[in-house]
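The following exercises are to be worked with the sequence and the model in view. Each task is followed by a solution in steps.

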Amino acid sequence: MNQLFSRFALLTLSGAVLTLSACSNDDNDDNEVKPAEALKTEMASNLGPTPASTTTPPTGQPATPRHYAFYNLATKSEVPYTDSATTKWDIAVRTTTILVNGGSSGPGQGGAIVQDGLFSEITAAPATGYNVDSRTAYAIPTGSGKGWYNYNSTTHVVSPIAGKVILLRTATGKYAKLEIVSYYKDAPASPTGTEPRGYYTFRYVYQPDGSTNLK
Amino acid sequence: MHRFSSSAFLLVLVVSPGLGIAQQRPAPADTSTQHLRLREVVVTATRTEKALTEVPIPVTVVSRQQIQAMGAVRLTEVLGEQTGLNVVADHGRGVQMQGLNPEYTLILVDGEPLIGRTAGTLELSRVAVGNIERVEVVKGPASALWGSEALAGVVNIITQKPQHGTRGEVRLRYGANRTADVGGTFNYRHNQLGLTVFGNRYSSAGYTLQPASGQATVPPFTNYTGQSRLSYQLDDKTTFSVSGRYFIEDQASNLPITTEGGQVAQVRLKARQQESSLNPSVTRCFSDKLFGTLRFYHAGYRTKEDYTYTADGTPYDASYFHQTFTRPEAQLDWRLHPKHTLTVGTGYLWETVEATRYDQRQQMRSAYCYLQDDWSPLPGLNLVAGVRYDGHSQYQGQLSPKLSGRYQLRPWLAVRASAGRGFRAPDFRQLYLNFSNPAVGYSVFGTHQVREKVAQLAAQGQLALDPATGQPLINAPLLEQASSLTAESSRAYNAGLQLDPTPKLRLTANLFHNDLRDLIETAAVAQKTNGQSVYSYRNVSRAYTQGLETDARYLLSAHLTLSAGYQYLVAKDRNVVTQLKNGSIYRRDPETLETTRLKVADYGGLFNRSRHMANVKLFYDNQATGWSGSVRGVYRGRYGFQDRNGNLILDTGNEYVAGYWLWNVSAAKTFRQRYTLQAGLDNVLNYTDPAYLSTVPGRLYYASLTVALGPR
């Protein structure tokens, strides 16, 4: 039975590697924004700041990085942290915290709603009701079970909650929907908690025309 | 009452320490023949002596002979092989019954509770089995008689009572992992005076399943148990007795800890557990119709843990836990008619706890009374109705009724059914804990003081403020729920059959359903400025467990008994089922990273429950030749271990632990009716699962010698 089990693990692993290479291919596509009728679902892999060199107990993981990693949904690319005071970025991540470019976090119009449902079933963004980052609470709440992830205190694994879709108003006031699918580098199929963490893999649909249509 | 038949049965067992003596009984009756024929008496089901075959609720009895044949030394080994019981580890090894966690089963020694549930589970390996007469296991709620904790059922450990004459027994056992068990019993009874003494030393070098962790799975330990009972017959109607128990265990281990700088340091943990109890009682037969018992019980439990750095011996951490339990109780049994007995009892309970994570010495008081009517209105029909009320100083009073009945339809067929309520009081932790995690920064407060503590934190400016209102972020409805915490409770139904199609075969089957409500969970009642939460407890969850338990026992020959048992179990969280019906639980495929909505059928139920559990046992006992032996197999079907895909429920294959069989064998030979040599192998196939099964150490051998002392 043990043998069978390990064979299964191997299969899932190789499966994961295949999917990943597919993702990175997507990323390597041309970075131009196409004003298409049918919106394309984009996949971003391993968004995360450079880790600090020291480690934290009890996981032995690197300590919290100094800077966030910033991302622009329209250009499908990371933005250097030196541009943090501009509207060039829409979301920023560091460990389990996600910022949107607005309120206390940036000069943009950014806001977010965390909604239950399937990514594919959400076809329109609400026009209002967006939360904005403030000094005491983020638009995308942190904490296990409160926002986008669950934390297992036994294994220390952070798992993005399936069925949580983040509706975003970007820095420039456009709408998008986003789903985080992994918190670990290269999106391992069954994370054990020892993989490099804080590397976001997420899919999103960005509406460049300013409408709330996310079909 | 069946006092005579009971003492005759006890006597037979006591004079046959080394698995029996042929000469004393004309027919070479083996243990199982006895089981089928003797009027085996139990006391836990109705708090009066009642024949096992006549009780209207499911009761399992494990006899002294079975325990000896198994070669068992601790209670965990004995219970782990019984149908429908599952020994699980959660801050100690306890027994899961009808799919309910160990904290829902009351553990008694001679009708008085064992204490020391630091985190819900009572460590059952604390109980040595060398002086046990029998273990009675009552399934289904018994709060109508026994009060709190008897929600899934009751395990009552009946120790040996003084028997006529002077005799004793000495036993030595040694086995794998340098496990040594040395002990003895002494029995004396002459005229009015009776005495039993039991002493035991148990030690082991422990074992390590995952050497890479740098930590022993079970570190080396040594424990001692002393237990004694003195009885004195004041006159022909009145008996006074006093029993006492003392247990002490020392355990030392090394564990690596990671300091804030990221370095790993070795820490040595020295732990000591102590448990003691004293239990005087008086019984009086006022007449042949009226029988009274007056008992007093005081128990104490203390633990002490000291952590020091191995390098320089400086302290790293220390903790302690002290608990006391004091209870006087009176009971009257009134036999209105040979077929009608009324039982009434009342008692007062005073508990205290003092521990590292509690503000001060905390106290709880409770008073209770119970009433039971045991009536046989027609031949073959027995009805038992009972009700108990527990008034408590810290939470709402609890009324626990129960009705059960048994009907002998045919000489070979009986049906029985029962319905009742069980409850479990909030424990000390849930009421009084005061703990702030220094590393992470969250706080947990018991419900008794959470309001006060939250107000304090708010005054100190430690609570985060709502940006809109400027008020502290306190969840008022949750705080209100926490402050009005009440007991967890269940409504349970059991219905079953007892079949004796031939004198050699007995079959029993029982269907059960436990409907649990007000299960206690943690709740975040406020937000701190450090981004962490303030937690307390509230009644929230609803769950159910249901299934079927069956047992069969067949006499293959005069010396050979085959038995088999099986339990089918379904245990689910009702809130999860509701969410699934609403389509609001999802999962993500780990390979495609696609998210899908879960269906009700995808839910595997509560974690750590096996849908299928089974056992097969073959016992051989030939008293003429002095040989005996056993082969026992116990199966635990696959069960959920932990969530892996972040939706917190059991739904995918990799969240399960594989099912497994454990096979144990033993053989014994008695020489000159005095010396018994026994040898055995536990877990013959050497099954281990280091990552998920800390309680199974792999193959274990042992050998023992028992010497019976006194006249043969």
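**Exercise 1. Classify the exposure of B:Tyr316 and describe its aromatic pairing.**

Step 1. B:Tyr316 has a relative accessibility of 40% and therefore counts as partly exposed; buried means under 20% relative accessible area, exposed over 50%, and partly exposed in between (1.4 Å probe, protein chains only).

Step 2. The model is predicted: local features need pLDDT of at least 70 and side-chain atom pairs pLDDT 80 or more, whereas totals for chains, interfaces and linings use all residues. Side-chain values use heavy atoms, without hydrogens or water, residues are numbered from 1 along each chain as its sequence is written, and chains are lettered from A and ligands numbered from 1 in the order in which they are written.

Step 3. Rings of Phe, Tyr and Trp (its six-membered ring) pair if their centres lie within 6.5 Å; planes under 30 degrees apart are stacked, over 60 edge-to-face, and the rest tilted. Under this rule there are 25 aromatic pairs over all chains. B:Tyr316 pairs with B:Tyr309 at 5.5 Å centre to centre, and the 75° between the planes makes the pair edge-to-face.

Step 4. B:Tyr309, at 24% relative accessibility, is likewise partly exposed.

**Exercise 2. Determine the geometry of the pair B:Tyr635 and B:Trp661 and locate both residues.**

Step 1. The ring centres are 5.3 Å apart with 40° between the planes, a tilted pair.

Step 2. B:Tyr635 belongs to strand β32 (residues 627-636) and B:Trp661 to strand β35 (residues 660-671) of chain B, so the pair links distant parts of the chain, 26 residues apart. Strands (E, at least two residues) and helices (H or I, at least four) are DSSP runs, numbered from the N terminus.

Step 3. B:Tyr635 is partly exposed at 23%, as is B:Trp661 at 33%.

**Exercise 3. Identify the buried side of helix α7 (residues 450-459) of chain B and its packing partners.**

Step 1. B:Val450, B:Lys453, B:Val454 and B:Leu457 are the buried residues of α7(B).

Step 2. These residues lie on the same side of α7(B), because they cover an arc of only 100° around the axis, taken from the directions from the helix axis to the C-beta atoms. An α-helix has 3.6 residues a turn, so residues three or four places apart point the same way.

Step 3. The face turned away from the buried side carries the exposed residues B:Glu452 and B:Ala459.

Step 4. The packing partners of the buried residues include α8 (476-483) and β26 (505-527) of chain B.

Terms used: Contact means heavy atoms within 4.5 Å.
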